[in-house]
Amino acid sequence: MTTHRPGGTRYVAYGSCVALVAMSVAITLALPQEIRAQVTLSQALTLYGSIAVFIAILHGIGRSRVTVSDDELEVVNGYRTHHVPWNRVKGFAFGEGAPWPTLVTVDDERLMLFALQGTSGHGRVRQVVDDLVRRVP
């Protein structure tokens, strides 16, 4: 079983989460007490709720992965998980300049493989896709 995850994209997503939380805490603590006292509960909830949504989106990006086993492909894109048995895989599309490969099923459904980012090195991703193509029955 082999698992592929996005490299730089994952580091940027989680690094942004850490930076966002650190900046929010630092700015909140740096504000004078009289200014902090002027912030209403609804304003604070809106601000921190927006930050939480942004972190949830970034976490969804960071958790993307493709796990290859002898029986199936498990594709996690954001918060959705897809299990595709090898007998349902028709092929893969990964054109020049494409941001990520696409899995094509025998039903002509298309599933993007976000974990295999073309920006992580097109040659490396091309090698992974070629290995996946060799597994198609």
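These legends describe a predicted model, one view at a time. In this model, local features need pLDDT of at least 70, side-chain atom pairs count only at pLDDT 80 or more, and totals for chains, interfaces and linings use all residues. Residues are numbered from 1 along each chain as its sequence is written, and side-chain values use heavy atoms, with hydrogens and water left out.

View 1. Helices (H or I, at least four residues) and strands (E, at least two) are DSSP runs, numbered from the N terminus. Along the sequence the pattern reads β-α-α-α-β-β-β-β-β-β-α. The C-alpha trace spans about 70 × 30 × 25 Å along its principal axes. The chain has a radius of gyration of 20 Å, whereas a compact globule of 137 residues would have one near 14 Å. That radius is taken over C-alpha atoms, and the globule rule is 2.2 Å times the number of residues to the power 0.38.

View 2. The score is pLDDT, the predictor's confidence in each residue, from 0 to 100. Its mean over the chain is 90, and 98% of the residues reach 70 or more.

**View 3. Four residues make a nonpolar surface patch.** They are Met23, Ile27, Leu31 and Ile35, and the patch covers about 350 Å². Patches are made of residues with over 30% relative accessible area and no salt bridge; like charges are joined within 9 Å, nonpolar side chains (Val, Leu, Ile, Met, Phe, Trp, Tyr) within 5 Å. Areas come from the Shrake-Rupley method with a 1.4 Å probe; for residues, only the protein chains shown count as cover. Met23 sits in helix H1 (residues 8-30). Its relative accessible area is 48%, so Met23 is partly exposed. Buried means under 20% relative accessible area, exposed over 50%, and partly exposed in between (1.4 Å probe, protein chains only).

**View 4. Asp70 and Arg135 meet in a salt bridge.** A salt bridge is a side-chain nitrogen of Lys or Arg within 4 Å of a carboxyl oxygen of Asp or Glu. Here the N to O distance is 3.7 Å. The pair links distant parts of the chain, 65 residues apart. Asp70 is in the loop between strand S2 (65-68) and strand S3 (72-77), and Arg135 is in helix H4. Asp70 is exposed at 68% relative accessible area, while Arg135 is partly exposed at 37%. A search of the whole structure finds six salt bridges.

**View 5. Glu74 forms a salt bridge with Arg65.** Their closest N and O atoms are 3.7 Å apart. Glu74 has a relative accessible area of 18%, so this residue is buried. Side chains of opposite charge can pair when their charged atoms come close.

**View 6. Asp108 has a positive phi.** The angle is about 65°, although Asp108 is not a glycine. Most residues other than glycine have a negative phi. Asp108 lies in the loop between strand S6 (102-105) and strand S7 (110-112). Its relative accessibility is 43%, so Asp108 counts as partly exposed. The side chain of Asp108 meets that of Arg110 in a salt bridge (3.5 Å, N to O). Arg110 counts as exposed, at 55%.

**View 7. Salt bridges link three residues in a network.** The members are Arg88, Asp107 and Glu109.
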